[in-house]
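Dear colleague,

I am handing over the structure we spoke about, and my notes on what was found in it follow below. Please read them with the coordinates open beside you.

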Amino acid sequence: MIGRRARGIVSMVVLGLVVGCGGESKPVSDGTMITPYLAIGETLAADRVEGLPELGAHVIEAAKTHEGKPGVDAMVQGAARVGSPDIATARLAFKKMSDGMIEYLRSSADGRAGLVIVHCTMTFDGKGGLWVQKDGKVMNPYEGAMMLHCGDELSWSDAVPPT
């Protein structure tokens, strides 16, 4: 019995549990690309970079089962750079990931339940930026505390503004 329990604990660690701002544990890797992607967005919205290399690695690992699908290459390219200790560089990498995630989810309705596309026209020197997040209060990963709730939710059928 102890061996089985130890294996369960190791499995939880391998799943990549991290402690969030409020002290709660959040799973960041469940074998999908969306869970670690969302965790990256939440981390950047909190103006933090801790844990981004690991989260990017989870996205890259999960993307292996989706090779060749729309947007996956862009997500992998962004995920490979999102671990930068420089938050501006990490945010640019997340933008690349977001463009890929939107393309991927638009081509496949599976997995987008409860998720919305958000557009902030003010980020990146007025060029704007898009991202995917859970439905609810806008949490801007590109501007963090400076403009945390800046952004307009789009539906999946809306035209995506160029950024």
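From the N terminus on, the elements of the protein follow the order α-β-β-α-α-α-α-β-α-β-β, which amounts to six helices and five strands. Please keep in mind throughout that this is a predicted model. Of its 163 residues, 42% count as buried, and the protein exposes about 8,700 Å², of which carbon and sulfur atoms supply 59%. Among the contacts with a separation of 6 or more, 54% are between residues 24 or more positions apart.

I would begin with helix H5, which covers residues 87–107. As a reminder, an α-helix has 3.6 residues a turn, so residues three or four places apart point the same way.

In the loop between H4 and H5 lies Asp 86, which is partly exposed, with a relative accessible area of 39%. The C-alpha atoms of Asp 86 and Val 49 are separated by 7.7 Å, although the two residues are 37 residues apart along the chain.

Turning to the strands, S3 and S4 run antiparallel and are joined by six bridges. Five of the six residues of S4 are buried, which leaves this strand mostly covered. Cys 120 stands opposite Gly 129 in S4.

Why is Cys 120 in no disulfide? The nearest cysteine sulfur, that of Cys 150, is 3.5 Å away, and a disulfide is counted here only within 2.5 Å, so the separation between these two sulfur atoms is too far for a bond. The structure as a whole holds zero disulfides. Cys 120 is also buried, with a relative accessible area of 0%.

Both of these cysteines are touched by Asn 140, a residue in the loop between S4 and S5. Asn 140 is itself buried, with a relative accessible area of 0%.

Finally, the aromatic residues: the count comes to four aromatic pairs. One of them is formed by Trp 131 and Tyr 142, with 5.5 Å centre to centre and 85 degrees between the planes, an edge-to-face arrangement. This pair links distant parts of the chain, with Trp 131 in strand S4 (residues 129–134) and Tyr 142, eleven residues apart from it, in the loop between S4 and strand S5 (152–154). Both Trp 131 and Tyr 142 are buried.

With best regards

Methods
Residues are numbered from 1 along each chain as its sequence is written. This is a predicted model: local features need pLDDT of at least 70, side-chain atom pairs count only at pLDDT 80 or more; totals for chains, interfaces and linings use all residues. Side-chain values use heavy atoms; hydrogens and water are left out. Helices (H or I, at least four residues) and strands (E, at least two) are DSSP runs, numbered from the N terminus. Buried means under 20% relative accessible area, exposed over 50%, partly exposed in between (1.4 Å probe, protein chains only). Contact means heavy atoms within 4.5 Å. Accessible areas come from the Shrake-Rupley method with a 1.4 Å probe; for residues, only the protein chains shown count as cover. Rings of Phe, Tyr and Trp (its six-membered ring) pair if their centres lie within 6.5 Å; planes under 30 degrees apart count as stacked, over 60 as edge-to-face and the rest as tilted. The expected span of a helix is 1.5 Å times one less than its number of residues. Two strands pair if DSSP finds at least two bridges between them.
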